[in-house]
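Here is a quick tour for anyone meeting this structure for the first time. Have a look at the sequence and the model, and then we'll walk through them together.

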Amino acid sequence: MQEPDEFDRLYRDHVELIYRYAHRLCGETEAAKDLVQETFLNAYQGLKDFRGEAQISTWLYTIASRACTRMRRRRKGQPKHELSIEEFVPTSEGEFRLQIPMDGLSPEEALENKELRQALDQAIEKLPPKYRMALVLRDMEGLSAKEVGTIMGLNERAVKSRLHRARLFVRRELSARGITHHDDHTSGDPHS
Amino acid sequence: MTKKKTSAKKKRSRPLPYRHNHGRGHCVDLLRQLSAYIDDELPSDICREIRRHVGACPNCEVFIASLQHTVTLCRHRPAPQLTSTDRMNMRRAILDAAHAR
């Protein structure tokens, strides 16, 4: 068993990080909280064996990723298919561009549009899990391809391949949606 | 002469055709490398080749911009935060579960 202080420090310093990751992976609050608890429970039990070979955040991401995979296996209906590059080749002119209001806006301003946030979230949620994990870790959590590889147990080449397919998938989903322009910035909490 | 004029007229009245048939050749090769291009991971000679291709292919140019926008949106999507009550309750639940095992 760990010293409570040691665990409390770990929890205090990393719970927001892991919750953010969990929410991005799971797409909803209760499942994200379950994943956070599972992650820190495993961390509590494994902390004595942690030798500091990786950054502690990388270690926690790895525990969370494995816990997420285990939790998904218990659920049915998760899409597991492979994505091929060929399926992302546009076949009509309308598929090349994103029909979303971004001109002259910073990404933060663009994301004040609730419809856009929802479209982005839904696109990410529709990704098969292994592709979603690569996209969340690399593009949303901002880790390097090497770190993502360590967490997912993949070499960098495989990480980049999954990431590329995931980005193409999300791009295609967004291009298929026509998103209206909201001039006002009252479309809701950008965190929701 | 007359024939030539007619054909020139016809050409002007048609919509502009695609510069390439997407799904073939260079465009698909380019599609495979776009993330590496956006992430600045390709050697300079390949980047130059891509830029040359994009200069001649408006559809690829639009496609690259749309992929860049997608990545930018992902990078800036804000995430929800925990309330202090949630943080406290979860900590309690974790320690209870750890002690119960």
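How many helices and how many strands does chain B have? Chain B has five helices and zero strands. Keep in mind that what you see is a predicted model.

**The two chains**

Start from the N terminus of chain B and its elements run α-α-α-α-α. Chain A has eight helices and zero strands, and reading along its sequence gives α-α-α-α-α-α-α-α.

| Chain | Residues | Share buried |
|---|---|---|
| Chain A | 192 residues | 38% |
| Chain B | 101 residues | 18% |

Within chain A, take the contacts with a separation of 6 or more: 71% of them link residues 24 or more positions apart.

**Where the chains touch**

Now for the meeting place. On one side there are 34 residues of chain B, in contact with 42 residues of chain A. Which elements of chain B give two or more residues to that side? They are helix 2 (25-38), helix 4 (58-76) and helix 5 (84-100) of chain B. Helix 4 of chain B supplies the largest share, 13 residues. Sorted by class, the side of chain B that touches chain A has 18 nonpolar, ten polar and six charged residues.

**A crossing of two helices**

Let's stay with helix 4 of chain B and bring in helix 6 of chain A. Two packed helices are described by the angle between their axes and the distance between the axes. In this pair, the axes come within 8 Å and cross at roughly 80°.

**One residue up close**

B:Val71 deserves a visit of its own. You'll find B:Val71 in helix 4 of chain B. Is B:Val71 buried or exposed? B:Val71 counts as buried because it has 21 C-beta neighbours inside 10 Å, and the cut-off for that is 20 or more. Leaving aside residues up to four places away in sequence, B:Val71 touches A:Asp139, A:Arg167 and B:Ile38. B:Asp39 is 32 residues away from B:Val71 in sequence, with 10.0 Å between the two in space, C-alpha to C-alpha.

**Two helices of 13 residues**

Helix 5 (residues 114-126) of chain A has 13 residues and reaches 18 Å from its first C-alpha to its last, close to the 18 Å expected. Its buried residues are A:Leu116, A:Arg117, A:Ala119, A:Leu120, A:Ala123 and A:Ile124. Why do they sit on the same side of helix 5 of chain A? They cover an arc of only 165° around the axis, which puts them there. As a rule, an α-helix has 3.6 residues a turn, so residues three or four places apart point the same way. The cover over the buried residues of helix 5 of chain A includes helix 4 (107-110), helix 6 (129-140) and helix 8 (156-175) of chain A, together with helix 4 of chain B.

Helix 3 (residues 44-56) of chain B has 13 residues too. Helix 3 of chain B reaches 19 Å from its first C-alpha to its last, close to the 18 Å expected. Of those 13 residues, the number buried is one, so helix 3 of chain B lies largely in the open.

How values were computed. Residues numbered from 1 in each chain as written. Chains lettered and ligands numbered in written order. Predicted model: local features only at pLDDT ≥ 70, side-chain atom pairs only at ≥ 80, totals over all residues. Contact = placed C-beta atoms within 7 Å. Helix = DSSP H or I, 4+ residues; strand = E, 2+ residues; numbered from the N terminus. Nonpolar A, V, L, I, M, F, W, Y, C, P; charged D, E, K, R; others polar. Expected span 1.5 Å × (residues − 1). Buried ≥ 20, exposed ≤ 12 C-beta atoms within 10 Å, placed from the backbone. Arc of directions from axis to C-beta. Axes fitted to C-alpha atoms, helices over the stretch in contact; angles between N-to-C directions.
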